[in-house]
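Keep the 3D view open while reading.

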Amino acid sequence: YKLPLPDKNNNNTKKKSILIHLTSLLIDLVTSAVATPLHETVKQLIESKYYFCSKSVKFIPLEKACDGKEDCSGAEDESACVTKFGANSTFPLRLISTRNVLQIFRPDENKWKSVCADSFTQQHAETVCKQLGHSDKPTFSTVQVGVLPSDLKMSFCMVGSSKPQTFQLTVSDLKLCSQGAVVTLTCSEECGSSRNQDRIVGGQDAVIENWPWQVSLQNSGQHTCGGSLVSPNWVVTAAHCFNGCGRKALIRWKVVSGNTYLGSAGASSVDKVIVHREYSSGRNDYDIAMIRLQSPITVGESRRPVCLPPHDLGLKDGDSLVVTGWGHLTEKGNLSPKLQKAQIPLIDRAQCSSHAVYGSSVTPRMICAGYLTGRVDACQGDSGGPLVYSFGRWMLVGVVSWGVGCARENRPGVYTNMDQMLDWVHSVMQV
């Protein structure tokens, strides 16, 4: 994993009595009250060590929250916890290829169908994008069927004039589009743009305005993982960030956005953490999670969602990608106080799953990027952060997941493959 190394004091903390907890709390209070208003300092320090049971009006040690045992009346301490979710069916809508062709899934035929431009309106575009989790000024255009790859011009459907809650209820099947064109759709004008249109090990200093979707996930005030804004109130990160004791209670987590330097300014509270139901810590498979913020961020120059990619974007070996984060600058080193970036190439799946590299450990839910010679890589503390590709706009193609060491020869970074996770992401955003 690309997690920061564990704090040895955490194990000792579990063994301390309430009295020692309170003593250390008072010491911390005295030393930090100088720089922070007293009531905020007290609140932060208490929340970093205790969970408050509002119904029974008592405090319990924070590690007892979300441990599967009822410590508050009404199991209050087991309610605001990390949850699991698995998409049970194919999400019915998708955008596909670099052209963002809109398709609808027909479960009775087990077939995807491209949507004809006939009768398609702005209201249809807004309905689709709302279902896909984006509702920010969607725009649509058309593309002639003749220029599309063969798999996109096999089956078609068209929309009706009704206004149902879900787009798929207004669709009827066609053999051919009467105008000879299908719909291409962009759901957000805001996503994926940055000031820069043109320490990660071996990386370079970066500024948040160039990578404004990058966030820091902080557990009890400590940077633990990275993440990516994909809408004003949703963040994509790695499932393994929530492994272990003390990482299940939502109250422990804050999402910090808009900062080049690590800090706690601009922190958002967490409403939900949803981990993929199929996530396997043993194999690092399905390593993805989503966080819903209690209130949406205000989009601006330093806070902006990254675009979700269309299906079948068609990335190939050697394509240039960028990974960002505040992770360790060297293996077993220290976190970088300033955001880092590194430009790395995509590594062909066959090569990454060869015996000389990772073999059968690489599943279809993973992609590899970096250099087989080492030199540049994500590292501890970069977990959950973005791997992005620019095609007009920056798109989230991977999530920092795992690797052996940092920047070692024949041990490149392995990332969650967003192309395989889009159904799940769209389904979660409907929850």
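Cysteine 225 and cysteine 241 are both buried. Their sulfur atoms sit 2.1 Å apart and form a disulfide. The model is predicted. Across the whole structure, a search finds 7 disulfides. A disulfide is a covalent bond between the sulfur atoms of two cysteines.

**Cysteine 225 and cysteine 241**
- The torsion about the S-S bond of this pair is about -105°, so the disulfide is left-handed.
- Cysteine 225 belongs to strand 13 (residues 222-231), while cysteine 241 lies in the loop between strand 14 (234-237) and strand 15 (253-257), so the bond ties together parts that are 16 residues apart in sequence.

**Cysteine 66 and cysteine 81**
- Cysteine 66 and cysteine 81 are joined by a disulfide, with 2.0 Å between their sulfur atoms.
- Their link is left-handed, with -90° about the S-S bond.
- Both cysteine 66 and cysteine 81 lie in the loop between strand 2 (58-61) and strand 3 (83-85), so the pair ties together parts that are 15 residues apart in sequence.
- Cysteine 66 has a relative accessibility of 13% and counts as buried, because the cut-off is under 20%.
- Cysteine 81, at 11% relative accessibility, also counts as buried.

**Cysteine 116 and cysteine 177**
- A disulfide connects cysteine 116 with cysteine 177, S to S 2.0 Å.
- The link of cysteine 116 and cysteine 177 is left-handed, at -80° about the S-S bond.
- This pair links distant parts of the chain, 61 residues apart.
- Cysteine 116 is in the loop between strand 6 (111-115) and helix 4 (122-131).
- Cysteine 177 is in the loop between strand 9 (171-174) and strand 10 (181-186).
- Cysteine 116 and cysteine 177 are both buried.

**A cysteine without a disulfide**
- Cysteine 157 is buried, with a relative accessible area of 0%.
- Cysteine 157 takes part in no disulfide.
- The nearest cysteine sulfur to cysteine 157 is that of cysteine 116, 6.7 Å away.

**Asparagine 417**
- Asparagine 417 is part of strand 23 (residues 413-417).
- Is asparagine 417 buried or exposed? Asparagine 417 is buried: its relative accessible area is 10%.
- Leaving aside residues up to four places away in sequence, asparagine 417 touches Arg349, Pro364, Arg365, Met366, Ile367 and Val397.

Note on methods:
Residues numbered from 1 in each chain as written. Predicted model: local features only at pLDDT ≥ 70, side-chain atom pairs only at ≥ 80, totals over all residues. Heavy atoms only, no water. Helix = DSSP H or I, 4+ residues; strand = E, 2+ residues; numbered from the N terminus. Buried < 20%, exposed > 50% of the residue type's maximum accessible area, 1.4 Å probe, protein only. Contact = heavy atoms within 4.5 Å. Disulfide = S-S within 2.5 Å.
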